[in-house]
Every structure is written in C-alpha cells, then in structure tokens.
Amino acid sequence: MSHYDDLETRSTDARHAAQLNALRTQLDRVARIPGSHLSDMDIRDLSDLSRLPVLRKAQLSGWQTGQPPFGGLHVGDVAHVFQSPGPIYEPGGITHDWWRMGRFLHACGIGPSDTVQNCFGYHLTPAGMIFESGARAVGARVLPAGTGQTDLQVRAAKDIGCTAYAGTPDYLKVILDRADEMGETLAFTRAAVGGGALFPSLRQEYADRGIACLQCYATADLGNIAYESHAMDGMIVDEGVILEIVRPGTGDPVAPGEVGEVVVTTLNPDYPLIRFATGDLSAMMDGTSPCGRTNVRIKGWMGRADQTAKIKGMFVRPEQVAELVARHPEIRAARVTVTREGEMDAMDIAIEADDGDPRAWGESVAQTLKLKGRISRVDTLPNDGKVIDDKREYG
C-alpha cells in the first residue's frame, strides 16, 4: 500500500529540521498573544522544547474562563466550537484534514471506494467531525451515524452498503451482533477505532469476521496523535505533532523506553498548543515500524498519569513526589504506595537510590507530602510510570 504522503518516509534529520522550523513559527505565534507565557524563547534544537513549561488542562480551562472561548490562544480558521467535560472548548476547522485523521484512515486502507459509517458523536464533542474530516481527506463517503439506535444503524449499514466503520472499539460488536439477530449480513471490511481500549480478543473477533481493525490515539484538543498501521507494531506518531514522554508531575523527559506522561506540541497553525499534557501514560519504542513509516513509535495507551490520592485527608500529587526527588541528587525516582491497615490509611515511600540518608529523606517527605510514612530504599522501581500507587479497595 502506498503511503499517505512523502512525510511518512522522510529521514530523521529532515523531519527534525522541518519540525524545528514549524515549532519556532508556533512559538512566534504564541509570543504575540498579549500576556503570553512563552515570550523570548530561544529554541535551537528540538531538545530545547523541554525547557518550556507544560500546559495542563486545568491551566487551559482557567485561561478560557478569563478569555472565552479559547483562552486567548491564536486561532485561525475556525468553523466549529466544541465542548468537552470541564468544560473545555476546542476549535474545529474545515480546511483539508484539519485534525490529521486522514493519515490514519489511509493506513487502515480506507479510500474513495469506501462508505464510512461514522459512529462517533456529533453532539458538542468533536469526535464525529474529526473522523468525518479524515474520511473526506481520503475521498471516502460518510454516513454520519453518531451513537445509539442500533437497529437503525444495522438498517442503514445494510441498505447503503457501508464498507468501513469508525467509532469506539466495542460498539462495532454491538452493531454486528444485532445484525446477526436481525438476519442481516453487513459489508464491513475495515474498522478505524479510538476512544477506548481495543482488546486483542475483540480485534481477533473482528478479524474472524473479515474486518481489519486498527486503532488511533487522538484527543479533542490535539486531533490525531499516533496511529497503528497494518504492521500492528506500536503506534506511529503523527507527522503534525511533536511528542515527548515526561516524568508525571514534571516536564522532564524520561529515559528512552521508560513509561511516562505523554506531552504533545501540535504544529497546527490555527491552534498552537505547546507542550500540552494529555494525562496519559505511554513509552517510546526503539526503531521504526516494519510498514516503512519512519517516525518514532509509542506503545499506545498505558494508563493515566494523574495519580493524585487523598491520604489521611490530605491530597498527595505527583508534583509533590517530583519535588521530593529534586531535593536529593542521589534519588533517581520515588513511589508512594497507599494501603489500608485496620481502618487507617498507611503510606509507604520507596526510594530508588544507591545510597543516602533515610532520616533526611523522611524529613523531606514530611515537608513535601505534608505526611509521614514508612521509607525504604530500593535498587530499581517498576517501569510503569506510577509515582503514586493507590492500592486501597473502594468497592
């Protein structure tokens, strides 16, 4: 299969040079915004991006409250305004492939001969329009089906002859099972899914029905971030973003292969989000995809980075754990584990270090976390991105 464009197979040097130029342009746009937090930034290499502050949703929401609806961020071509929980408002454009979803649909094998049954929501949230824009970019027709009304979904899929599905991973099974009950055979051969976990057993069930199912990683704020190809070996980062993996609670990049929080800078000139924290965990993979696309890959969604826990009536946040680590140069990482002993919360702090003074660590724990806990030194901590592990049962 041909690639979507030449960007997918360019060299690492060519990609970095183009991204650096685009990043500088984005920073110039943001710097011109009155009261900008990113003025006078000298970016000479993509690695300099880590010197910039991380933008979190709570901060973006605060900006939007002061300067509705988009917080004063430079916004160019806007045809729609969407609302996500928070609430947070996102712009949407109608220029070609505005959310960059066409690249993913092309990787799925969807093109001009297809009719896509788009079962993402069209009401308030942008998911429906994101995938419709992608379908338009690859020349496919769209049935704007939205969610629910399964009997009508089956009827439309049959009558129109829809060949591709777009929606959450599990809703396709609902449609297919209902079609079986109604005695109908549907023509789906491809599925482009997102917005939830695609479990291997479900992917295999679709494959057994003759449907090739691939998933993407996208958000309402950023559009497409990464996507699978038919190699199904990790998720390839989209050409229109710069992706970093940082230690939760900080903006510091983790070591290659280490699990951390996904932070994304979008190169969309209409809505320049710089180092936007997704709150999701993932890790970089070595090498490139066997499909021939040369951009870096991530392992996919690996959980949430927001691990805030309330312990003995006090909130403990990843940022506080990061402060604890920063106070002691010998500490490489730390993890807070919360359990229940009797009817009381208990807190254990595992310190990854070769040596050090546990008494000094204990004083820092009390100062940064505002609580006391049991401290132990370990050689290594698990590579799972957790800095606060809440093991209490709430059921």
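In this structure, L172, K173, L176 and D177 of helix α6 meet L202, E205 and Y206 of helix α7, where contact means heavy atoms within 4.5 Å. The residues of this contact divide into four nonpolar, no polar and three charged. The model is predicted, so local features need pLDDT of at least 70 and side-chain atom pairs count only at pLDDT 80 or more, while totals for chains, interfaces and linings use all residues. Residues are numbered from 1 along each chain as its sequence is written, and side-chain values use heavy atoms, with hydrogens and water left out.

**Helices α6 and α7**

- The axes of α6 (residues 171-181) and α7 (residues 200-208) come within 11 Å and cross at roughly 40 degrees; axes are lines fitted to C-alpha atoms, for helices over the stretch in contact, and angles run from 0 to 180 degrees between N-to-C directions.
- The two helices, α6 and α7, are therefore oblique to each other, a term for angles that are not under 35 degrees (roughly parallel), over 145 (roughly antiparallel) or 65 to 115 (roughly perpendicular).
- Helices (H or I, at least four residues) and strands (E, at least two) are DSSP runs, numbered from the N terminus.

- Strands β1 (residues 80-84) and β2 (residues 88-92) pair in the antiparallel sense over five bridges; two strands pair if DSSP finds at least two bridges between them.
- F82 has E90 in β2 as its bridge partner.
- Three residues lie between the strands of this hairpin, and G86 takes a positive phi near 150 degrees.
- Strand β2 is mostly covered, with four of its five residues buried, that is, under 20% relative accessible area with a 1.4 Å probe and protein chains only.

**The nine-stranded sheet**

- An open sheet of nine strands has the order β4-β3-β5-β6-β7-β8-β9-β14-β13, with mixed pairing.
- At its edges stand β4 (141-143) and β13 (284-285), each with a single partner strand, so one side of each is left without a neighbour in the sheet.
- Helix α4 (residues 127-137) packs on the sheet and touches β3 (115-118), β4, β5 (164-167), β6 and β7; the direction of α4 makes about 175 degrees with that of β3.
- Strands β6 (residues 190-193) and β7 (residues 212-219) run parallel and are joined by four bridges.
- R190 has A212 in β7 as its bridge partner.

**Helix α8**

- In α8 (residues 318-326), the buried residues are P318, Q320, V321, A322, L324 and V325.
- These buried residues of α8 pack against β16 (314-316), β17 (331-341), β18 (344-353), α9 (358-369) and β20 (388-390).

Definitions and conventions:
Ala, Val, Leu, Ile, Met, Phe, Trp, Tyr, Cys and Pro count as nonpolar, Asp, Glu, Lys and Arg as charged, and the others, Gly among them, as polar. Buried means under 20% relative accessible area, exposed over 50%, partly exposed in between (1.4 Å probe, protein chains only).
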